[in-house]
Amino acid sequence: MAAADTLPAGKEIRLGLDRDGTIKLGFMLAIALYLVVTLALPLYAMLSKSFVTYRFDLSAYELQVSDPTGRVFAPAVTAAALNAAAGAFGPEDLRASADARLPVADLFPDFSFRSPVKYRLRALADGAAWQVGLETVRSPDWVEYDSNTLRRITLRPVASVGIENYIAYVSSPTLVRSIENSLFIAAVSTVLTVGLAFGFAYALTRSRMRFKGTMKLVAMMPILVPSLLPGIALIYLFGNQGLLKGLLMGQSIYGPLGIIIGSVFFTFPHALIIISTALAIADQRQYEAADSLRASRWRTFWTVTVPGARYGLISAVFVTFTLVVTDFGLPKVIGGQYNVLAIDIYKQVIGQQNFEMGAVVSVVLLVPAVLAFLIDRQVQKKQVSLLSARSVTFEPKANPWFDALCLCWCGLVALFILTIIGVCQLAALVTFWPYDMSLGLTNFAFDKMDGGGWSAYWNSVRLAAVTAVVGTAVVFAGAYMVEKTAGVRPVRGLFHFLAMLPMAVPGMVLGLAYIFFFNNPDNPLHGLYGTMTILVVSTVTHFYTVGHLTALTALKQIDAEFEPVAASLRQPFYRLFARVTVPICLPAILDIMIYMFVNAMTTVSAVVFLYSTHTALASIAVLNMDDAGDIAPAAAMGMMIFYTNVAARLLHMLASRGLLARTQAWRQR
């Protein structure tokens with residue numbers, strides 16, 4: 001074709017948004033705004049708080065002291081000069097938190113509140129303030145006080161921005177040791193958990209052993225209990241009055257040993273689910289090829305099985321590591337004096353009211369969690385499809401010896417899980433361990449004990465129910481909008497980033513971030529603090545990512561042609577959503593609901609800083625009763641959480657059967 005016959009270059013054609021697309025984009029932006037307000041902004045507030053340093057600037061105050069008559073005053077002198085002469089406060093005393101106070105009377109060694117001597121005080125710098133009782137005073141002019149009033153005057157610290165908090169953190173051997181302890185506990189627990197889970201998953205997928213269904217059911221039990229419960233069980237087994245204390249040969253269960261055993265218990269099902277999924281995807285032809293080449297089972301295992309499951313193993317390692325390093329409940333119950341990062345946050349915030357240092361520890365705790373998440377995501381990007389259209393589903397062959405060995409392995413793991421649950425059940429029913437072993441329900445009289453009583457349990461049920469409904473609606477709607485909205489790729493990419501971010505944020509960090517953000521009186525959302533609403537919001541946000549990924553997986557299975565066909569028939573997207581998308585994705589929706597419910601019942605770390613006297617939860621009641629020494633009632637409340645989650649699972653199963661029979665009949669041939 002001649003150059004003169006070619007058409008001139010026009011504007012680039014871009015896909016525009018129709019009315020439905022605009023509405024979808026609006027919904028996506030609304031949910032993205034929700035994630036920004038409930039996640040990004042609180043994290044920014046916490047990060048900013050970690051750089052705020054409070055210190056008493058004694059050079060910013062000047063004082064005058066009168067003679068015994070109270071009429072003639074000596075020349076003015078700064079508080080710093082008085083402190084240098086009296087030696088009342090050292091450098092450590094001058095480093096403070098936001099709510100710290102420094103008594104002025106301590107600057108005068110011979111001070112007496114009955115003395116007729118009078119004092120004058122003024123500020124030399126902007127921001128310098130002092131308090132007289134509850135009244136805050138900022139004045140560059142002299143303010144006169146008598147001796148009796150001076151004993152009630154305290155100086156307030158001055159805020160500045162810098163890295164002093166981080167310098168103080170790394171300069172503290174105790175706090176730095178917490179990092180080493182956390183990494184050690186997480187590393188050992190991860191190796192043990194992934195090893196046990198791999199053996200269990202291998203037995204389920206590569207053998208024809210009996211009782212597979214029962215073994216799977218038992219293996220999933222730890223998901224239904226809070227992480228504090230295995231700590232309580234280990235105390236009853238190996239504590240000072242434990243049933244099996246002698247087996248430890250003088251070692252204490254309080255410390256790293258107890259934390260590791262408990263961590264293996266509560267992280268086991270998480271690792272098992274990931275590894276089982278990886279091992280379930282296997283091609284029979286690869287094993288037949290190995291047999292034809294006369295490869296030994298050991299060689300086949302290392303050249304076929306392990307490489308095929310390597311991505312699942314890596315994901316299991318990082319998930320387990322993150323769960324252990326960020327857990328708070330178990331170290332709190334059985335850690336003793338063995339400090340870890342999550343406990344340091346709790347001590348700084350609750351014990352010392354040092355919110356700035358708590359923010360620093362939170363940032364430190366955030367680093368390994370974020371690194372593990374990023375490495376895991378990079379590894380998953382390299383994963384390739386292991387099954388093709390010609391693949392043959394792997395079918396294990398019967399081998400009596402191997403099947404018996406697998407059954408023994410799974411049986412030992414199941415026995416470990418059932419022992420922990422069984423001991424907690426026994427502790428909940430025994431009247432007074434170990435002196436009165438008669439069984440009864442006295443430990444369930446929660447209203448007679450600290451922790452919130454039965455109202456805490458019903459608060460948890462209400463939180464879980466609302467979280468399951470609202471959280472599932474928000475998560476699925478967000479996933480639908482990001483998956484089914486054409487164009488606007490930058491917006492979709494930003495939304496997906498926000499949806500993935502909660503997985504990398506530990507619950508303790510999120511809870512502390514909420515304090516800094518929502519407890520600020522200048523925040524229009526300040527009214528949410530201390531209410532059930534903020535507990536729902538934090539729980540939905542904390543567990544958002546898994547639900548988002550589940551919904552995306554289900555939505556990707558639906559042919560993209562549905563939307564154009566509906567548009568050509570002039571059908572609005574919400575009708576397609578209600579009549580086609582939701583029925584097809586109903587199994588995933590139900591899975592998200594039960595996931596939200598169970599985690600809302602068992603969560604501790606995400607809500608430990610946010611509850612009030614009226615919104616105490618069952619998991620928090622377990623923690624508070626354990627702190628008060630009511631360990632048996634704590635076990636009873638933990639078992640109530642277990643009963644509730646079991647009942648929810650059963651209802652979920654029954655509801656799934658009925659609903660899926662109506663909506664999924666098209667799947668049957």
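Author: Contact here means heavy atoms within 4.5 Å. The model is a predicted one.

Reader: What share of the contacts with a separation of 6 or more comes from residues 24 or more positions apart?

Author: The protein has 669 residues, and its secondary structure comes to 25 helices and 13 strands. Among contacts with a separation of 6 or more, the part made by residues 24 or more positions apart is 79%.

Reader: In what order do the strands of the 4-strand open sheet lie?

Author: Strand 5 and strand 10 (residues 153-155) run antiparallel and are joined by 2 bridges. One of the bridge pairs places Pro103 with Thr154 of strand 10. The pairing in the sheet is antiparallel, and the order is 5-10-7-8.

Reader: Which strands stand at the edges of that sheet, and why is one side of each left without a neighbour?

Author: A strand at the edge has a single partner strand, so one side is left without a neighbour in the sheet. The strands in this position are strand 5 (102-103) and strand 8 (135-137).

Reader: In the open sheet of 3 strands, which strands stand at the edges?

Author: The order of this sheet is 4-1-11, with antiparallel pairing. Strand 1 (residues 52-55) is joined to strand 11 by 4 bridges, and strand 1 pairs with strand 4 over 2 bridges. Each edge strand has a single partner, so one side of each lacks a neighbour in the sheet; these are strand 4 (95-96) and strand 11 (158-161).

Reader: Which residue in strand 4 stands opposite Arg55?

Author: On the strand 11 side, Arg55 has Val158 as its bridge partner, and Thr53 has Ser160. On the strand 4 side, the residue opposite Arg55 is Arg95.

Reader: Which residues does Ala168 touch, not counting residues up to four places away in sequence?

Author: Ala168 has its place in helix 5 (residues 164-170). Its C-alpha atom is separated by 9.9 Å from that of Val360, 192 residues apart along the chain. With residues up to four places away in sequence not counted, Ala168 touches Arg95 and Met357.

Reader: Is Thr193 buried or exposed?

Author: Thr193 lies in helix 6. Leaving aside neighbours within four places in sequence, Thr193 is in contact with Ser263, Val264, Thr267, Phe268, Ala271 and Thr320. The relative accessibility of Thr193 is 0%, under the 20% cut-off, so Thr193 counts as buried.

Reader: What is the volume of the largest cavity?

Author: The search of the whole structure used a threshold of 30 Å³ or more and found 1 cavity. The volume of the largest cavity is about 60 Å³.

Reader: Which elements give two or more residues to the lining of the largest cavity?

Author: The lining consists of Ser182, Ile185, Ile259, Val324, Val325, Asp327, Pro331, Val340, Leu341 and Ala342. The elements that give two or more residues to this lining are helix 6 (173-206), helix 11 (297-326) and helix 13 (341-351).

Reader: How many nonpolar residues are in that lining?

Author: By class, the lining of the largest cavity has 1 polar and 1 charged residue. The number of nonpolar residues is 8.

Reader: What is the relative accessible area of Ala616?

Author: Ala616 lies in the loop between helix 23 (586-602) and helix 24 (618-627). Not counting residues up to four places away in sequence, Ala616 touches Gly451, Gly452, Ser455, Ala456, Asn459 and Tyr611. The C-alpha atoms of Ala616 and Gly453, 163 residues apart along the chain, are separated by 8.9 Å. Ala616 is buried, with a relative accessible area of 7%.

Reader: How many disulfides does the structure hold?

Author: A disulfide is a covalent bond between the sulfur atoms of two cysteines. The cut-off for a pair of cysteine sulfur atoms is within 2.5 Å. The sulfur of Cys410 has its closest cysteine sulfur in Cys406, 6.5 Å away, which is too far for a bond. The number of disulfides in the structure is 0.

Reader: What is the relative accessible area of Cys585?

Author: Cys410 counts as buried at 0% relative accessibility. Cys585 is also buried, and its relative accessible area is 1%.

Terms used: Residues numbered from 1 in each chain as written. Predicted model: local features only at pLDDT ≥ 70, side-chain atom pairs only at ≥ 80, totals over all residues. Heavy atoms only, no water. Buried < 20%, exposed > 50% of the residue type's maximum accessible area, 1.4 Å probe, protein only. Pairing = 2+ DSSP bridges. 1 Å grid on protein atoms, 1.4 Å probe; cavity = no way out; pocket = protein on both sides within 12 Å on 5 of 7 lines; lining within 4 Å. Points joined across faces, edges and corners; volume = space filled by probe spheres on them. Nonpolar A, V, L, I, M, F, W, Y, C, P; charged D, E, K, R; others polar.
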